[in-house]
Amino acid sequence: MRQYQSIQDRRYDPEAIARHYRSRLWQAIWRSLVIVWSFAGFVLGMIWDSWQHEIKEHQPERACHLRQILTCLGPTFIKVGQALSTRPDLIRKDFLEELVKLQDQLPPFDNEIAIAIIEAELKRDIESIYSEISPEPVAAASLGQVYRARLKSGELVAVKVQRPNLQPVITLDLFLMRWAAGWLAPLLPLNLGHDLTLIVDEFGIKLFEEIDYINEGRNAEKFAANFADDPTVKVPSIYWRYTSNCVLTLEWIDGIKLTDTQRIKAAGLDTNSLIEIGVRSGLRQLLEHGFFHADPHPGNLFALADGRMAYIDFGMMDQLEEFTKETLVDSVVHLINKDYLNLTNDFVKLGFLTADTDILPIIPAMESVLGDIIGESVGNFNFKTITDSFSELMYDYPFRVPAKFALIIRSLVTEEGLALTLNPNFKIVEVAYPYVARRLLNGESPALRRRLIEVLFKDGKFQWERLENMIAIARSDQNFDLFPTAQLGLQYLLSKEGEFLRKKVALALIEDDRLHTEEVSRLWNLVKEDIKPDRLLYAAWGALTEFSTEGAAALTRF
């Protein structure tokens with residue numbers, strides 16, 4: 001039977017991999033022995049430190065040893081170490097600092113082998129492709145290494161070359177991980193053991209996608225198209241003529257790593273602006289496009305001299321279904337409104353709780369964990385605290401992490417970690433909440449307008465306090481101008497689609513047999529700085545000109 005390495009096998013197929021290695025058990029057994037032997041010294045050392053009460057003294061040494069073990073075991077284990085390096089909730093700080101080195105401080109493979117791979121993949125001599133190429137790789141990662149080169153046509157490019165014999169090593173490790181997951185799952189609590197095999201499969205799918213550079217190039221172009229309207233985000237161009245499954249040639253990005261705060265400050269760049277770009281682009285990926293960068297570690301994000309942020313390395317991406325995107329927006333809205341019943345239902349829809357779960361006992365627990373996020377303690381909220389709190393809830397209630405959300409959580413925690421590196425006082429909600437509130441208030445799509453109505457009305461009654469909260473949150477962003485939102489809102493109210501809301505607003509002003517002048521006065525005090533009478537008149541005139549006489553006459557049909 002042939003090696004599991006041909007072009008048609010570039011998609012992850014756990015059953016095909018299992019069939020392959022069941023007939024080659026000696027390979028699996030030998031690899032298992034190598035893995036066990038590699039970790040045996042580390043585990044025995046940790047036990048010895050515990051017996052000798054010298055854990056703290058030997059922590060740096062043990063952390064370095066763990067990184068060396070993962071590096072020696074190869075790309076699959078390096079990728080696992082990279083994933084763990086973004087999880088401060090799971091890994092101690094001293095180990096975390098060592099594992100971070102796995103992101104871009106790995107030993108390169110031989111240059112002669114790399115040149116041979118380039119020539120074989122592109123089917124031409126290296127001299128006929130590049131007028132110059134760096135004598136050594138400028139970066140080495142788990143799956144490949146990068147050279148700085150100049151094409152014959154003059155463009156400065158990065159040439160990414162995949163490590164040799166990569167796919168057979170990865171498939172064998174994934175086979176063993178999947179076997180171990182199936183064996184361990186019954187021994188773990190249901191919420192941790194459930195879907196453990198599926199998490200390995202999700203990891204395998206993404207790893208196989210990552211070693212296909214044609215797929216990475218397509219991902220980069222799709223990501224660039226999604227952010228074509230955002231001048232703050234840069235995506236390198238792909239040179240398809242010089243790209244194959246194992247060689248990727250792309251535009252050279254001359255930037256500063258986001259973790260290099262000294263160089264960023266020396267370049268006169270505004271760290272808070274970079275943070276806002278990162279958080280806003282991350283939210284757009286999840287809530288607008290549904291296509292997100294699942295590996296935003298420090299080696300993949302750069303600050304450019306003109307203040308933009310550049311994304312590179314699009315091997316590990318994921319796509320969210322429209323239902324998931326909409327439910328995520330719902331969950332943020334319900335969190336803002338402290339609607340824990342519907343928030344718990346959102347967790348059911350997203351797969352964190354099974355459909356047959358009795359959610360009533362969970363609602364008070366959710367409130368205790370999340371109740372202070374909006375309010376005076378909003379500044380204390382971050383994904384780390386949420387992860388810590390939910391790790392406690394998972395032992396008391398049947399929460400579980402769906403395989404797809406493991407990547408989302410990893411992405412969010414990593415981005416927050418980068419933001420905290422740039423500004424230790426940064427709070428993600430200071431950007432995230434205004435973004436969501438603005439999107440709802442702008443109501444640029446029918447789905448968002450429906451959600452705005454859902455937010456503003458409960459049991460048929462207009463929720464004045466919710467509207468006040470949303471406006472206050474949106475205005476916490478100093479760059480947010482309420483005037484365009486008011487104009488859009490007025491246009492929507494005058495439209496045929498807005499007829500239902502017009503009637504509801506009119507009834508809200510006189511519901512409970514009283515004129516709600518006090519609520520209107522509070523709202524006016526919130527917005528009066530942004531909406532001067534002359535601007536309000538201009539907005540009204542602009543809205544009216546968008547509609548026909550018939551549309552304007554619809555105002556009288558109450």
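## An opening question

How many bridges join strand 7 to strand 9, and in which sense do the two strands run? Two bridges join strand 7 to strand 9 (residues 301-303), and the two strands run antiparallel; strands are counted as paired if DSSP finds at least two bridges between them. At one of the positions along this pair, Ile-256 stands opposite Ala-303 in strand 9.

## The model and its overall make-up

The structure is a predicted model, in which local features need pLDDT of at least 70 and side-chain atom pairs count only at pLDDT 80 or more, while totals for chains, interfaces and linings use all residues. Residues are numbered from 1 along each chain as its sequence is written, and side-chain values use heavy atoms, with hydrogens and water left out.

The secondary structure of the chain comes to 26 helices and 13 strands, where helices (H or I, at least four residues) and strands (E, at least two) are DSSP runs numbered from the N terminus. Of the 558 residues in the chain, 51% are buried; buried means under 20% relative accessible area, exposed means over 50%, and partly exposed lies in between (1.4 Å probe, protein chains only). The chain exposes about 27,600 Å², of which carbon and sulfur atoms supply 57%, the areas coming from the Shrake-Rupley method with a 1.4 Å probe, with only the protein chains shown counting as cover for residues. Among contacts (heavy atoms within 4.5 Å) between residues at least 6 apart in sequence, 69% join residues at least 24 apart.

## An open sheet and the helix on it

Strands of a sheet pair through backbone hydrogen bonds, either parallel or antiparallel. In this model, an open sheet of four strands has the order 5-10-9-7, with mixed pairing. Strand 5 and strand 7 (256-257) stand at the edges with a single partner strand each, so one side of each is left without a neighbour in the sheet. Helix 13 (residues 271-289) packs on this sheet, where the helix touches strand 5, strand 9 and strand 10 (309-311). The direction of helix 13 makes about 40° with that of strand 10, the axes being lines fitted to C-alpha atoms, for helices over the stretch in contact, and the angles running from 0 to 180 degrees between N-to-C directions.

Strand 4 (residues 156-162) is mostly covered, since six of its seven residues are buried. Strand 4 pairs with strand 3 in the antiparallel sense over seven bridges, and Gly-144 stands opposite Gln-162 in strand 4. These two strands form a hairpin with four residues between them, and Gly-154 in the turn has a positive phi of about 105°. Strand 4 is also joined to strand 6 by five bridges, again in an antiparallel arrangement, in which Val-161 has Val-247 of strand 6 as its bridge partner.

## Salt bridges and cysteines

Side chains of opposite charge can pair when their charged atoms come close. The structure holds 18 salt bridges, each being a side-chain nitrogen of Lys or Arg within 4 Å of a carboxyl oxygen of Asp or Glu. One of them links the side chains of Glu-132 and Arg-150 (3.8 Å, N to O); Glu-132 lies in strand 1 (residues 130-133) and Arg-150 in strand 3 (residues 144-151), so the pair ties together parts that are 18 residues apart in sequence. Glu-132 is partly exposed at 44% relative accessible area, and Arg-150 is partly exposed at 29%.

Another salt bridge joins Lys-234 and Glu-251 (3.2 Å, N to O); Lys-234 lies in strand 5 (residues 233-234) and Glu-251 in strand 6 (residues 247-251), so this pair ties together parts that are 17 residues apart in sequence. Lys-234 is buried at 17% relative accessibility, whereas Glu-251 is partly exposed at 21%. Salt bridges that share partners also join Asp-229, Asp-230, Arg-284 and Glu-288 into one network. The structure holds zero disulfides, a disulfide being a pair of cysteine sulfur atoms within 2.5 Å; Cys-64 is partly exposed at 23% relative accessible area, while Cys-246 is buried at 13%.

## A largely enclosed helix

Seven of the 10 residues of helix 4 (residues 75-84) are buried, so helix 4 is largely enclosed by the rest of the structure. The buried residues are Pro-75, Thr-76, Phe-77, Ile-78, Lys-79, Gly-81 and Gln-82.
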